[in-house]
Amino acid sequence: MTGASRGIGLAVAEALRATGMHVVRLARSLRNRTSERMTDIACDVTRPTDVTSAVDQVVGALGVPDIVVNNAGIFLIKPLAETTFDDFTTTLATNLTAPFLIARALVPGMVLRGSGHLVTIGSSSDYIGFPGSSAYAASKFGVRGMHEVIRAETARSGVRTTLVSPGPVDTGIWDPVDPDSKPGFTKRKDMMRAEDIASAVVYAVTQPDHVAVTEIRLLPTNYSPRG
């Protein structure tokens, strides 16, 4: 589980652990430690060496995971003209390259075993182009494309894949944006909660083996996209 120290990632980790699973959390802000049904590993998932080290630890201690959740991500809103090269490349590194590194490291082992589930946390920005989100949309549309390719490559292998694409969720990711002060943005009180996304993930991964939940889209009630 990447990006699991706060927000959606933390909620998903706690929800999966509540089902009785042993959860491994990866995040830069975590300290290496193990507790009951929980292992934390400090890992910058944008760094291939960090990912390799973390995967080696996990597979060595616990084996190939049954479920992998790619969640780590960053978010910014800037018009195209104000989006810097660093803004763009950093967003792609975190939101697209990191999920690729995790999937490349773990999916082949699941295919070889003949079972497993890759869950990718996308966004409504993986199918809607919102003004001010060139970098974020590029990363999330890319994640959608990668998900579809992995789904095709793992077809009939016993490995399932799910793309979860939520609209606005009230987490700390919105703090720098302050959507309550901006016209056209969903107010934080009307957003979904991280636990809503966690419930969707639990639903997808607990279906019988013969059921593949390939995509889940979640939006707040009475949601109207900015345009």
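Residues are numbered from 1 along each chain as its sequence is written, and side-chain values use heavy atoms, with hydrogens and water left out. Because the model is predicted, local features need pLDDT of at least 70 and side-chain atom pairs count only at pLDDT 80 or more, whereas totals for chains, interfaces and linings use all residues. Helices (H or I, at least four residues) and strands (E, at least two) are DSSP runs, numbered from the N terminus.

Two packed helices are described by the angle between their axes and the distance between the axes. Axes are lines fitted to C-alpha atoms, for helices over the stretch in contact, and angles run from 0 to 180 degrees between N-to-C directions. Helix H1 (residues 7-18) and helix H5 (residues 194-205) have axes that come within 8 Å and cross at roughly 45°. This angle makes H1 oblique to H5; angles under 35 degrees count as roughly parallel, over 145 as roughly antiparallel, 65 to 115 as roughly perpendicular and the rest as oblique. The crossing of H1 with H5 is right-handed. A crossing is termed left-handed if the near helix is turned anticlockwise from the far one by less than a right angle, and right-handed if clockwise. On the H1 side, the contact (heavy atoms within 4.5 Å) is made by Gly7, Ile8, Ala11, Val12, Ala15 and Leu16. H5 contributes Ala194, Glu195, Ile197, Ala198, Val201, Val202 and Val205. By class, 11 nonpolar, one polar and one charged residues form this contact of H1 with H5. In this classification Ala, Val, Leu, Ile, Met, Phe, Trp, Tyr, Cys and Pro count as nonpolar, Asp, Glu, Lys and Arg as charged, and the others, Gly among them, as polar.

The axes of H3 and H4 also come within 8 Å, and they cross at roughly 15°. H3 and H4 are therefore roughly parallel to each other, and H3 passes H4 in a right-handed crossing. The contributing residues of H3 are Asp87, Phe88, Thr91, Leu92, Asn95, Leu96, Pro99, Phe100 and Ala103. Those of H4 are Ser134, Ala135, Tyr136, Ala138, Ser139, Lys140, Gly142, Val143, Met146 and Ile150. The contact of H3 with H4 comprises 12 nonpolar, five polar and two charged residues.

Three aromatic pairs are found in a search of the whole structure. Rings of Phe, Tyr and Trp (its six-membered ring) pair if their centres lie within 6.5 Å; planes under 30 degrees apart count as stacked, over 60 as edge-to-face and the rest as tilted. Phenylalanine 75 and tyrosine 136 form an edge-to-face pair, at 4.8 Å centre to centre and with 80° between the planes. This pair links distant parts of the chain, 61 residues apart: phenylalanine 75 is in the loop between strand E4 (67-70) and helix H3 (85-113), and tyrosine 136 is in helix H4 (residues 134-153). Tyrosine 136 is buried, at a relative accessible area of 11%; buried means under 20% relative accessible area, exposed over 50%, and partly exposed in between (1.4 Å probe, protein chains only). The rings of phenylalanine 75 and tryptophan 174 have centres 5.0 Å apart and planes at 65°, so this pair is likewise edge-to-face. Tryptophan 174 lies in the loop between strand E6 (159-166) and H5, so its pairing with phenylalanine 75 ties together parts that are 99 residues apart in sequence. Tryptophan 174 is buried, with a relative accessible area of 11%. Ring pairs link Phe75, Tyr136, Trp174 and Phe185 into a cluster.

The loop between E4 and H3 also contains asparagine 71, which counts as buried at 12% relative accessibility. Leaving aside residues up to four places away in sequence, asparagine 71 touches Met1, Thr2, Gly3, Ile8, Gly9 and Ile121.

Most residues other than glycine have a negative phi. Arginine 37, although not a glycine, has a positive phi of about 55°. Arginine 37 is located in the loop between strand E2 (33-35) and strand E3 (38-42) and is partly exposed, with a relative accessible area of 31%. Asparagine 222 likewise has a positive phi, near 65°; asparagine 222 lies in the segment after E7 and is exposed, at 74% relative accessible area. Threonine 221 is found in the segment after strand E7 (215-218) and is exposed, with a relative accessible area of 71%.
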